[in-house]
Amino acid sequence: MAKNKPLALDTLSLRSLKQKEFQMFYSRDDRDKLKNENVHLSAYYDMYFALREQQDSYKESIEIPTVNEEAIKQQIFEGKPLLGNCAIDLTSLPILFMDLFNVYVRYTKMKSDDAITAIEELKPDLVAVLEEFLFQKGVTQMQSLQADLIPAEILVFLIKNTLTPLVEKYSEYIGSSIDLDSWENGCCPVCGHLPGLAELRKTPSGRQRFLFCSLCHTPWPFQRLKCPYCDNVEDKETEYISFPDEENYRVDVCNSCKTYIKTVLNNNAGLSPVLLDWSSQNVDDSAIQKGYKRAASM
Ligand SMILES: [Zn+2]
Ligand SMILES: [Zn+2]
């Protein structure tokens, strides 16, 4: 695989950036400050912190099998995401799924008893549904199970949030063995899922573009002018939309595949990738109004 020359940061500094991402911890004071500064989003923030609490306590209980660093290096070098052929035990996840669903019901004030019963009925098939989603095998299981009473976006939201702590743990554990400099794909080097958010970070050598995985939240460096979804690199095809009253975000669009990726320009509040995404729905609305579609959200 050819080396990606425009990437100026060395592997060591990429690793430290990556570790920082996962150490994002919000104290009670941090939470109050965030909510006071964004009163209109405080209900979202409350739900995020409640979900995170469940996810973090599950994450502590996960034990990751020993990894072979050489095999990891080889797999990354060949451009294959690490979890593609891994045997991962998902049998403990349905309990977390239900815990997260209860949080969701509480914070969204979901009243539908039918939906709650329908979710309960999914339980026996949840492991298969989670596996299908994690390994991107299509949506056969989910479609056949999905009752009309559970909107697809709620089901996907719950499935993603259930898988996230597990894949995050893998990412943290094997992250130090990954040379992100040799990864130049638009999908995540750890789990293979699509990026849901981008960030242009200030570095001594200029702005460096990072993509965030929509499932495990791993950040990886990526070419500035390339579309991560269709690999289109023509300058004239890749554009962005900026907003006069929004200095923290812009939208990078691809006129070849008609998708967009939301890009963070300033993360002054130190928000996690999920909170960055949830805090900027207005930006998505504008991009969608202009005829672009979103490939993945956080
Ligand atoms: Zn990932
Ligand atoms: Zn594209």
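Q: Does Ala115 count as buried, exposed or partly exposed?
A: This is a predicted model, in which local features need pLDDT of at least 70 and side-chain atom pairs count only at pLDDT 80 or more, while totals for chains, interfaces and linings use all residues. Residues are numbered from 1 along each chain as its sequence is written, and chains are lettered from A and ligands numbered from 1 in the order in which they are written. A residue is buried if 20 or more other C-beta atoms, placed from the backbone, lie within 10 Å of its own, exposed if 12 or fewer, and partly exposed in between. Because Ala115 has 18 C-beta neighbours inside 10 Å, its class is partly exposed.

Q: In which helix does Ala115 lie, and what is the C-alpha to C-alpha distance between Ala115 and Pro151?
A: Helices (H or I, at least four residues) and strands (E, at least two) are DSSP runs, numbered from the N terminus. On that basis the place of Ala115 is in helix α6, which covers residues 113–122. Ala115 and Pro151 are 36 residues apart in sequence, and their C-alpha atoms are separated in space by 8.9 Å.

Q: Which residues of α7 are buried, and why do they line one face of the helix?
A: Helix α7 runs over residues 126–134, and its buried residues are Leu126, Val129, Leu130, Phe133 and Leu134. An α-helix has 3.6 residues a turn, so residues three or four places apart point the same way. Seen down the axis of α7, the buried residues line one face because they fall within an arc (that of the directions from the helix axis to the C-beta atoms) of 130 degrees.

Q: Which residues of α9 make the contact with α7?
A: Two residues are in contact if their C-beta atoms, placed from the backbone, lie within 7 Å. Ala, Val, Leu, Ile, Met, Phe, Trp, Tyr, Cys and Pro count as nonpolar, Asp, Glu, Lys and Arg as charged, and the others, Gly among them, as polar; by these classes the contact of α7 with α9 has 6 nonpolar, 1 polar and no charged residues. On the α7 side the contact is made by Val129, Leu130, Phe133 and Leu134, and on the α9 side by Ile159, Thr162 and Leu163.

Q: How do the axes of α3 and α5 run, roughly parallel or roughly antiparallel?
A: The axes of helix α3 (residues 42–61) and helix α5 (residues 93–108) come within 10 Å and cross at roughly 165 degrees. Residues of this contact include Ala43, Met47 and Tyr58 of α3 and Leu96, Val103 and Tyr107 of α5, and the contact divides into 9 nonpolar, 1 polar and 2 charged residues. The crossing angle makes α3, relative to α5, roughly antiparallel.

Q: Does His217 count as buried or exposed?
A: Most residues other than glycine have a negative phi. His217, which is not a glycine, has a positive phi of about 70 degrees, and it lies in the loop between β2 (206–213) and β3 (219–221). Because His217 has 23 C-beta neighbours inside 10 Å, it counts as buried.

Q: What percentage of the residues in the chain is buried?
A: The chain holds 11 helices and 7 strands. Of its 298 residues, the buried ones make up 34%.

Key
Axes fitted to C-alpha atoms, helices over the stretch in contact; angles between N-to-C directions. Parallel < 35°, antiparallel > 145°, perpendicular 65-115°, else oblique.
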